[in-house]
Amino acid sequence: MNPTDPQNSITRWTDGVMSVPERAAFEAELQSNPQLRAEVEAAKRLGPLLRDHVTLEAAVPHGDFFNSQVQERITELQRAELRAKPTPWTLAALSWLTRRWWAVTAVTAAVVAGLVTWRSLGGEDGSQVLGFYAPNTEIHASSYHDNGANAAVLMLDGLPAIPDDHPISGLSADRTVNEPEMATTTLYDAKGGVLLAMAADSAGTPQALKQ
Amino acid sequence: MSQISATPPLAANAAGAEVADTDLVKSAQGGDARAFDQLVTRYRGKVFGMCQHLVQNEQDAWDLAQEAFIKAWRALPTFKQDSGFYTWLYRIAHNCSYDWLRKKRIQGDGEFDETWQNQVAAGAETTPRGALRPDQALRNRELGERIRRAIAQLSPEHRAVVLLREVEGLSYEEIAEVTESQTGTVMSRLFYARKKLQELLQDTHNAHESD
């Protein structure tokens with residue numbers, strides 16, 4: 001910005017932001033320059049004319065609806081943030097993966113934050129994996145039942161090696177209950193406590209509902 | 001350089017005391033959507049009005065004002081209150097409107113909403129000071145319409161600075177912040193915007209002087 005630029009001087013004089021010496025010098029110049037004087041006076045008259053007839057504020061049509069729409073969208077945003085935020089209980093819910101022989105697949109599962117829906121078939125002869133979800137589409141998930149471990153083993157191909165000291169978490173579910181009307185699946189422990197409740201959103205992405 | 005700054009309004013709390021923007025912003029930053037709702041109520045008219053002046057269309061301005069408030073909500077955690085909330089909000093609204101205008105330019109869609117112009121000319125923004133005789137009121141309304149049509153002929157860049165300065169009384173620095181430009185650019189735009197308006201309103205100027 002060059003304050004001595006004639007354009008800037010006109011603007012700054014019009015807006016009354018010149019210092020006293022600056023203003024005195026400029027007004028002395030105006031005395032000897034009628035054309036400049038006419039120009040700045042015209043600029044000065046413009047302000048009151050605009051203020052008398054224009055305001056930046058305008059009545060918002062359906063103002064209450066405007067506010068409610070904003071609030072609704074904020075609520076949606078808050079819900080989305082809650083869904084996206086990993087909570088301690090969702091991580092704890094994966095404690096069933098802590099068995100040693102699951103190290104690689106278990107850690108992998110934690111890393112990709114994948115949710116696996118499964119249910120116990122009862123007895124000791126195993127469990128059934130109902131479906132997989134991994135946010136990273138490059139990870140290929142599969143499973144098999146390991147008789148020796150008496151557990152379902154999850155295979156997540158496509159991830160780099162996981163360090164041995166990587167913390168692992170998971171959960172051990174005794175049974176699951178599907179509620180078709182609510183489109184939810186709830187995992188229970190052996191004592192009947194709820195470990196995890198899940199539902200799929202409109203895009204088919206599993207969402208943990210509560211512990 | 002002395003500057004004129006617009007003073008943000010205050011709202012009353014339950015005890016009847018005025019709640020400053022800063023307090024409402026703090027509450028909103030803590031996730032209080034009701035505090036944000038008060039800010040929406042306080043500034044929706046100004047944000048909507050600015051969007052409307054920039055895009056010259058009531059419906060689009062309504063949507064853009066919504067967008068501005070949602071963006072403001074999302075960006076609230078990063079707002080440090082080192083500038084006024086209203087300045088910061090104007091900046092967001094200004095950016096929303098500019099993005100919209102750019103898209104319209106790219107799409108080659110330069111439609112002008114005459115409906116809005118006519119609605120406004122019907123009296124929404126022309127506020128006669130005191131009781132006017134019918135002939136004066138009519139002349140006042142016609143004058144207001146002419147002024148707004150002249151403003152509409154300015155480029156969006158020039159329109160924004162002249163309204164923020166002359167109508168809202170923002171300082172050069174505040175306008176620079178809102179429009180994301182340098183103060184030198186603001187002064188230059190002000191100079192050319194005023195010059196253009198003087199040309200367009202030459203006879204009006206003289207009439208206003210004689211009132």
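Mentor: A helix axis is a line fitted to C-alpha atoms over the stretch in contact, and the angle between two axes runs from 0 to 180 degrees between N-to-C directions. Keep in mind that this is a predicted model.

Trainee: At what angle do helix α2 and helix α3 of chain B pack, and how far apart are their axes?

Mentor: Two packed helices are described by the angle between their axes and the distance between the axes. In chain B, the axes of α2 (residues 33-55) and α3 (residues 58-75) lie 8 Å apart, and the angle is about 135 degrees. The two helices, α2(B) and α3(B), are therefore oblique to each other. Their crossing is right-handed.

Trainee: Which residues of α2(B) and α3(B) meet?

Mentor: On the α2(B) side they include Phe36(B), Val40(B), Val47(B), Phe48(B) and Cys51(B). On the α3(B) side, Trp62(B), Leu64(B), Phe69(B) and Trp73(B) are among them. By class, the contact of α2(B) with α3(B) has 13 nonpolar residues, one polar and three charged.

Trainee: How does one read the packing of α1(A) and α3(A), and at what angle do they pack?

Mentor: Helix α1 (residues 6-14) of chain A packs on helix α3 (residues 34-53) of chain A at about 45 degrees, with the axes 9 Å apart. The pair α1(A) and α3(A) is therefore oblique, and the crossing is right-handed. Ile10(A), Trp13(A) and Thr14(A) of α1(A) make the contact with Glu39(A), Val40(A), Ala43(A) and Lys44(A) of α3(A). These residues divide into four nonpolar, one polar and two charged.

Trainee: Turning to the interface, how many residues of chain B are in contact with chain A?

Mentor: On chain B there are 48, and they are in contact with 32 residues of chain A. The largest share of the chain B side, 13 residues, comes from α2(B). The chain B side divides into 20 nonpolar, 17 polar and 11 charged residues.

Trainee: At roughly what angle do the axes of α1(A) and α9(B) cross?

Mentor: They cross at roughly 80 degrees and come within 9 Å. Angles of 65 to 115 degrees count as roughly perpendicular, so α1(A) is roughly perpendicular to α9(B). Here Gln7(A), Asn8(A), Ile10(A) and Thr11(A) meet Met187(B), Ser188(B), Leu190(B) and Phe191(B).

Trainee: Now the strands. In what sense do β3 and β4 of chain A pair?

Mentor: In a regular strand the side chains alternate between the two faces of the sheet. Strands β3 (residues 140-146) and β4 (residues 151-157) of chain A pair in the antiparallel sense over seven bridges. His140(A) stands opposite Asp157(A), and Ser143(A) stands opposite Leu154(A). The two strands form a hairpin with four residues between them, and Asn150(A) in the turn has a positive phi of about 55 degrees.

Trainee: Which element of chain A has the lowest mean pLDDT, and which the highest?

Mentor: The lowest, 41, belongs to helix α6 (residues 103-111), and the highest, 93, to helix α2 (residues 20-32). Over residues 87-125 of chain A the pLDDT is below 50, yet this stretch has 99 contacts in the model beyond near neighbours in sequence. Chain A as a whole averages 71, and 61% of the residues score at least 70.

How values were computed:
Residues numbered from 1 in each chain as written. Chains lettered and ligands numbered in written order. Parallel < 35°, antiparallel > 145°, perpendicular 65-115°, else oblique. Left-handed = near helix turned anticlockwise from the far one by under 90°. Contact = placed C-beta atoms within 7 Å. Nonpolar A, V, L, I, M, F, W, Y, C, P; charged D, E, K, R; others polar. Pairing = 2+ DSSP bridges. pLDDT = per-residue confidence, 0-100.
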